[in-house]
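Biologist: I would like to go through this model with you, one question at a time. Please start with the ground rules.

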Amino acid sequence: MTNPQNLFDDAVLADPWAFYAERHAAGIKIEELPDQNMFIVYGYDLCLQAATRPAEFSSEFGGHMDPSDQEIDAIMAEGWKFENTLLTVDAPLHTRNRKLVNLAFSMRRVNAIEQDMREKAIALIDAFSESGECEFAHAFAIPLPVAMIAQQIGLEDDTARVKRWSDSGVDRFSQKVSRERQLECARELVEYQHYMMDLIEQRRAKPTDDLLTDLVEARVDDETPLSDAEVMSMMHQFMVAGNETTTSTLTGALLELIGNEEQMAHAVSAAGGKDPRRLMNLVEEALRFESPAAGMWRIAAQDTQLGDMSIPKGATVHLRYAAANRDPAVFEDPDSFNIDRKNAKAHLSFGKGPHVCVGNMLSRKEMLVAFDELLSRLTNFEVADRDGIEILRNVLLRGVTRLPIRFRPI
């Protein structure tokens, strides 16, 4: 059996499914890494418990993932103190954050930009459809969600910059990059902060119809409005989460459909507005199967118990959502991709509890629109170069980052 400490090895991060299957087959729902004061949670039920017990399993892990570093601190001093918000805070601050953000990240806003999503998806497809081949991630799966989040933060004319800043945010906490890249990420965060501060001031002086304006103007009775530093922090989280998970799910799902003729036929039969409910279930199954947010950290806020493990206060707890989403106790035949799976939506890919991903509605809508347009406009998909497929190796995130394909336009 694989050494449990190899979970974070590059090879396992790229292709973890056999590793998870080993854990499940052995009945290992949670295991301790004593030399790291860390517990890794694989079981669905225990991941769900920990995610919904915030008083015991704290989300205030920002300092643990971003330790003090003199050289990086000097770079960061050229910007603003990076406020912990949403992802890395607990109640009552998290409760206040969510109240204010929910006003901006509403279903009303998501529905309002659906037509823009559809028009962008069609324009991207039109740009490469006649060629009969493309590298799918960079031709479609990256630019669609990046364009949507860029539009909402006032950067619709500079999506390349949004992607660069997003990538630096991912790499900053990946624990898999070089020292040189760590310093570069710090410099790019400061660059982002200065740019965003200018936009915040512009929105305060002249509001527009976008997410940034909504955050700047968000007001809830008896709650202090968001500070500029909080808005910057939240927009940075939205920028990263608003494209990485969507990109990974789109590329991974298309790869699975290409490899399964029957599932592809089912998906095509639902596209073009024929069966939105079935197509939405494809999205949910893709989220379960690909698990783009592979794991998340928690810190034990007190001595506690999870499953058969006693967890001491201060220990790091890693909730491995990707393993939970392949738990055979919850998902029948978990390693098969089935767009008609009845409980696909039970996945933990957006988390659960108070920290469930605030942008999940936007991501789901983008993927629904993407598959609806792709599968009704292109056919005969195949992988053009198996050796050209690339996988992101990251402790928290996983996904196909390069997918060369061939197809025929309809």
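Modeller: Gladly: contact means heavy atoms within 4.5 Å, while helices (H or I, at least four residues) and strands (E, at least two) are DSSP runs, numbered from the N terminus. This is a predicted model, where local features need pLDDT of at least 70 and side-chain atom pairs count only at pLDDT 80 or more, but totals for chains, interfaces and linings use all residues. Residues are numbered from 1 along each chain as its sequence is written, and side-chain values use heavy atoms, with hydrogens and water left out.

Biologist: Thanks! Which elements do the buried residues of H3 pack against?

Modeller: Buried means under 20% relative accessible area, exposed over 50%, and partly exposed in between (1.4 Å probe, protein chains only). In helix H3, residues 44-51, the buried ones are Tyr 44, Leu 46, Cys 47, Ala 50 and Ala 51. Their packing partners are the strands E1, E2 (38-41), E3 (57-58), E6 (304-306) and E8 (316-319), together with helix H18.

Biologist: On to H2. Which of its residues are exposed on the other side from the buried ones?

Modeller: In H2 (residues 17-25), Trp 17, Phe 19, Tyr 20, Arg 23 and His 24 are buried. They span an arc of only 160° around the axis (taken from the directions from the helix axis to the C-beta atoms), so they sit on the same side of H2. In general, an α-helix has 3.6 residues a turn, so residues three or four places apart point the same way. The exposed residues on the other side of H2 are Ala 18 and Ala 25.

Biologist: What covers the buried residues of H2?

Modeller: Following H2 comes Gly 27, with a positive phi near 75°. As for the cover over the buried residues, it includes H1 (10-14), E1 (30-33), H17 (276-290), H18 (321-324) and E11 (398-402).

Biologist: Are H11 and H12 oblique to each other or roughly parallel?

Modeller: Axes are lines fitted to C-alpha atoms, for helices over the stretch in contact, and angles run from 0 to 180 degrees between N-to-C directions. H11 (residues 159-172) and H12 (residues 179-205) pack with axes 9 Å apart, at an angle of about 130°. Angles under 35 degrees count as roughly parallel, over 145 as roughly antiparallel, 65 to 115 as roughly perpendicular and the rest as oblique. H11 and H12 are therefore oblique.

Biologist: How many charged residues are in the contact of H11 with H12?

Modeller: H11 contributes residues including Arg 161, Arg 164, Asp 167 and Asp 171, and they meet a set in H12 that includes Arg 181, Glu 188 and Glu 191. Ala, Val, Leu, Ile, Met, Phe, Trp, Tyr, Cys and Pro count as nonpolar, Asp, Glu, Lys and Arg as charged, and the others, Gly among them, as polar. The contact of H11 with H12 has five nonpolar residues and one polar, and the number of charged ones is eight.

Biologist: Which residues does Asp 167 touch, leaving out those up to four places away in sequence?

Modeller: Asp 167 is part of H11, and its relative accessibility of 27% makes it partly exposed. From Asp 167 to Met 239 the separation is 72 residues in sequence and 9.7 Å in space, C-alpha to C-alpha. Beyond four places in sequence, Asp 167 touches Arg 181 and Glu 244.

Biologist: Is the crossing of H12 and H14 left-handed or right-handed?

Modeller: H12 and H14 (residues 228-241) pack at about 115°, with axes 10 Å apart. A crossing is left-handed if the near helix is turned anticlockwise from the far one by less than a right angle, and right-handed if clockwise. The crossing of H12 and H14 is right-handed.

Biologist: Last one: is Ser 291 buried or exposed?

Modeller: Ser 291 lies in the loop between H17 and strand E5 (296-300). Although not a glycine, Ser 291 has a positive phi of about 45°. With a relative accessible area of 1%, Ser 291 is buried.
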